[in-house]
Amino acid sequence: MKILLINGPNLNRLGKREPEHYGQTTLEDLEQDLSKYAKEHNVQLECFQSNHEGSIIDAIHEAQDKGTAGIILNPGAFTHYSYAIRDAIASITRPVIEVHISNVHAREEFRHTSVTAPVTKGQIVGLGIQGYFLALTALIRQNKERE
Ligand code: DQA
């Protein structure tokens with residue numbers, strides 16, 4: 001089974017960027033640790049990060065066409081206003097789980113709204129980097145239930 005991890009804008013700066021919100025773990029560390037966890041569960045994890053809306057949309061479409069079983073997506077600030085990413089998620093049938101490292105509900109008002117969440121399978125918020133591991137676990141377990 002193949003799972004795609006997509007991290008959106010500014011998440012390439014993880015570990016350096018506002019550590020009070022996003023912690024000390026770098027994107028490289030996250031991708032390595034999550035890939036290891038995936039491998040232990042016979043999952044092939046593909047990791048992708050982009051600061052560009054269109055590239056994220058392309059990655060979502062390609063995942064569907066390549067038979068990827070599911071997507072773990074942190075759309076960064078696009079969460080709050082990208083109808084184009086929302087439409088891309090709605091256009092595919094593979095499950096997408098939205099992850100936010102920080103508790104967006106405890107932060108500025110504009111972060112309280114997610115335009116993408118309504119078309120995802122579910123959302124994990126505020127649990128730090130652990131949220132990505134929980135999302136992967138959920139996708140693995142849901143896939144097993146379907147088998
Ligand atoms: C974020 C929350 C967003 O509001 C913010 O723009 C990000 C990261 C998070 O993981 O907590 O870039 O998605």
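This is a predicted model: local features need pLDDT of at least 70, side-chain atom pairs count only at pLDDT 80 or more; totals for chains, interfaces and linings use all residues.
We may begin with the ligand and its surroundings. The space that the ligand takes up is the largest pocket. Around the ligand stand Arg17, Tyr22, Asn74, Gly76, Ala77, His80, His100, Ile101, Ser102, Val104 and Arg111.

For Asn74, a polar side-chain atom is found 2.8 Å from a ligand oxygen atom. Arg111 likewise has a polar side-chain atom 2.8 Å from an oxygen atom of the ligand. With Ile101, it is the backbone that takes part: one of its N or O atoms lies 2.8 Å from an oxygen atom of the ligand. Taken alone, the ligand would expose 320 Å², and the protein buries 99% of that area.

Attention now turns to the charged pairs of the protein. The structure holds 4 salt bridges. One of them joins the side chains of Lys66 and Glu46, with an N to O distance of 3.3 Å. This pair connects distant parts of the chain, its two residues being 20 residues apart. Lys66 belongs to the loop between helix H3 (53-65) and strand E3 (70-74), while Glu46 sits in strand E2, which covers residues 44-49. As a general point, side chains of opposite charge can pair when their charged atoms come close.

Notes: Residues are numbered from 1 along each chain as its sequence is written. Side-chain values use heavy atoms; hydrogens and water are left out. A residue is near a molecule or strand if one of its heavy atoms lies within 4 Å of it. A polar contact is a pair of N or O atoms within 3.5 Å; within protein, one must be able to donate a hydrogen and the other to accept it, and residues adjacent in sequence count only if both atoms are side-chain atoms. Accessible areas come from the Shrake-Rupley method with a 1.4 Å probe; for residues, only the protein chains shown count as cover. On a 1 Å grid over the protein atoms alone, a cavity is a set of points where a 1.4 Å probe fits but cannot get out, and a pocket is an open set with protein on both sides within 12 Å along at least five of seven lines; lining residues have an atom within 4 Å of a point. A molecule sits in a cavity or pocket if more than half of its atoms lie within 2 Å of its grid points. Helices (H or I, at least four residues) and strands (E, at least two) are DSSP runs, numbered from the N terminus.
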